[in-house]
Amino acid sequence: MSQPAIITVAITGAIPRKADTPAVPVTPSEQIESTQEAFEAGASVVHIHVRNPDESPSSDPALFGRVQEGVSNHCPGMIIQFSTGGRGREQSERGKMLYLKPDMASLATGSVNFPKQIYENPPQLVDDLASTMLACDVKPEIEVFDVAMLYNAKALADRGLLKRPCHVQFVMGIPNALPARRKLLEFLIDELKDLMPDATWAAAGIGRHQLEVNEWCLELGGHVRTGLEDNIKFDKARLARSNAELVARVADLCATKGRRPAGPAEARQILQLPPARKPTAK
Ligand code: ZN
C-alpha cells in the first residue's frame with residue numbers, strides 16, 4: 001500500500017492581508033470555515049495564527065480558543081497546531097495560549113534573518129517555550145529556518161526539553177534563510193536521521209517554491225505543508241482561491257508519487273499523538 005503523507009495546511013500566517021489576498025482567512029469564523037474545507041480536501045494538521053480585529057497578529061488566547069473549538073467541532077480528529085512565531089508579537093506573549101493544550105505548537109530553535117527583520121529566538125526563549133510545551137503536553141513542531149537549528153533541536157532533546165520522537169519541519173525559500181534546494185533538503189534529512197533516527201519530518205517551501213518542495217517531500221518520504229500563509233499564488237497566472245485549493249493540489253500530487261494523504265487518525269499515529277479531545281457540544 002502507498003505510504004501516507006501528512007498534509008499540513010497553514011491557513012493564515014502573520015503578514016497583513018492585502019487587497020490582492022482576499023482568500024486569506026482572518027476572523028475566527030473565516031478560519032474555521034477555511035480549515036474545514038482544507039480538512040475535507042485532505043489536510044490532517046492545521047497551523048494557526050490569529051489576528052486582532054484590525055488584522056494585526058494577535059496572541060490573544062481567547063481567539064486561539066475560538067478557532068480551536070470550532071476546528072475540533074467541525075473537523076473530527078484534525079491535529080491543531082498553534083504558531084508561537086514572532087512576527088508582530090512580543091516574545092513574552094508568544095507562548096501565552098499554550099495552556100489551551102493544542103495538539104502541537106511550532107518551536108523555532110534559533111534566530112535567523114528574514115528579508116527585512118531578525119526573527120529573534122534567543123536561547124532563553126527557546127528553553128522557556130520548550131518547557132511550557134512539555135508541561136502542557138503539547139508536541140512541538142521544530143521549525144528549522146537555518147542549519148544550526150537542527151543541531152539545537154537535538155541538544156534540546158538531549159537536555160530533556162523535547163520529548164522524543166521529535167517532529168521537524170525544514171522551512172525553505174525565505175530570502176536570507178535556507179534556500180529551496182533539493183540537495184540541501186537531502187543533506188538535512190540525512191543529518192536528521194543521524195541525529196534523531198526516530199524523528200518524523202516535513203518541509204515547507206515559501207512562495208513560488210511551495211510546489212517543488214511538496215514534490216521533493218513526497219519523493220523523499222516526508223510530510224508536506226501548504227496553505228496561504230506560505231504562498232498566495234496557485235501558479236504564475238493567478239492567485240489561489242482558497243486553502244482547500246492548495247491542499248487539493250498536494251493531495252492529487254500524492255498519487256503521482258506513490259503516496260496518499262494520511263487521515264487524521266493515521267496522522268496522529270505517525271506523530272505519536274493521542275486521539276483527539278472530544279469536541280465540545282455544538
Ligand atoms: Zn506560521
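Predicted model: local features only at pLDDT ≥ 70, side-chain atom pairs only at ≥ 80, totals over all residues.
## Helix H3

Helix H3 covers residues 123–136. Just after H3, the chain continues through Asp137, whose phi is positive at about 60 degrees.

The buried residues of H3 are Leu125, Val126, Asp127, Leu129, Ala130, Met133 and Cys136. These buried residues pack against three elements: strand E7 (104–108), strand E10 (139–144) and helix H4 (148–158).

## Salt bridges

Side chains of opposite charge can pair when their charged atoms come close. The structure holds 14 salt bridges. One of them lies in helix H4, the element that also packs against the buried residues of H3. There, the side chains of Asp158 and Lys154 meet with an N to O distance of 3.3 Å. Asp158 and Lys154 are about one helical turn apart, because 4 residues separate them in helix H4. Asp158 is partly exposed at 49% relative accessibility, and Lys154 is also partly exposed, with a relative accessible area of 24%.

A salt bridge between Arg182 and Glu219 has its closest N and O atoms 2.4 Å apart. Arg182 belongs to helix H5 (residues 182–195) and Glu219 to helix H6 (residues 210–220), so this pair ties together parts that are 37 residues apart in sequence. Arg182 has a relative accessible area of 29% and is partly exposed; Glu219, at 40%, counts as partly exposed as well. Both residues belong to a network of salt bridges that links Arg182, Glu186, Glu219 and Lys257.

Glu245 and Arg238 form another salt bridge, with 2.7 Å between the closest N and O atoms. Here the two partners fall on either side of the 20% limit for burial: Glu245 is buried, with a relative accessible area of 16%, whereas Arg238 is partly exposed at 27%.

## Cysteines

The structure holds 0 disulfides. Cys136 is in no disulfide, and the nearest cysteine sulfur, in Cys166, is 17 Å away. Cys136 is among the buried residues of H3, and its relative accessibility is 12%.

Cys217 counts as buried too, at 0% relative accessibility. The closest cysteine sulfur to that of Cys217 belongs to Cys254. These two sulfurs are 11 Å apart, which is too far for a bond, because a disulfide requires sulfur atoms within 2.5 Å.

Rolling a probe the size of a water molecule over the atoms shows where empty space is left. In this model the count comes to 1 cavity of 30 Å³ or more. The volume of the largest cavity is about 50 Å³.

Its lining consists of Ile6, Thr8, Val45, Met104, Glu141, His167, Ala202, His223, Val224 and Leu271. Two of the lining residues, Met104 and Glu141, fall within the residue ranges of strand E7 (104–108) and strand E10 (139–144), respectively. Strands E7 and E10 are also elements against which the buried residues of H3 pack.

Definitions and conventions
Residues numbered from 1 in each chain as written. Heavy atoms only, no water. Helix = DSSP H or I, 4+ residues; strand = E, 2+ residues; numbered from the N terminus. Expected span 1.5 Å × (residues − 1). Buried < 20%, exposed > 50% of the residue type's maximum accessible area, 1.4 Å probe, protein only. Contact = heavy atoms within 4.5 Å. Salt bridge = Lys/Arg side-chain N within 4 Å of Asp/Glu carboxyl O. 1 Å grid on protein atoms, 1.4 Å probe; cavity = no way out; pocket = protein on both sides within 12 Å on 5 of 7 lines; lining within 4 Å. Points joined across faces, edges and corners; volume = space filled by probe spheres on them.
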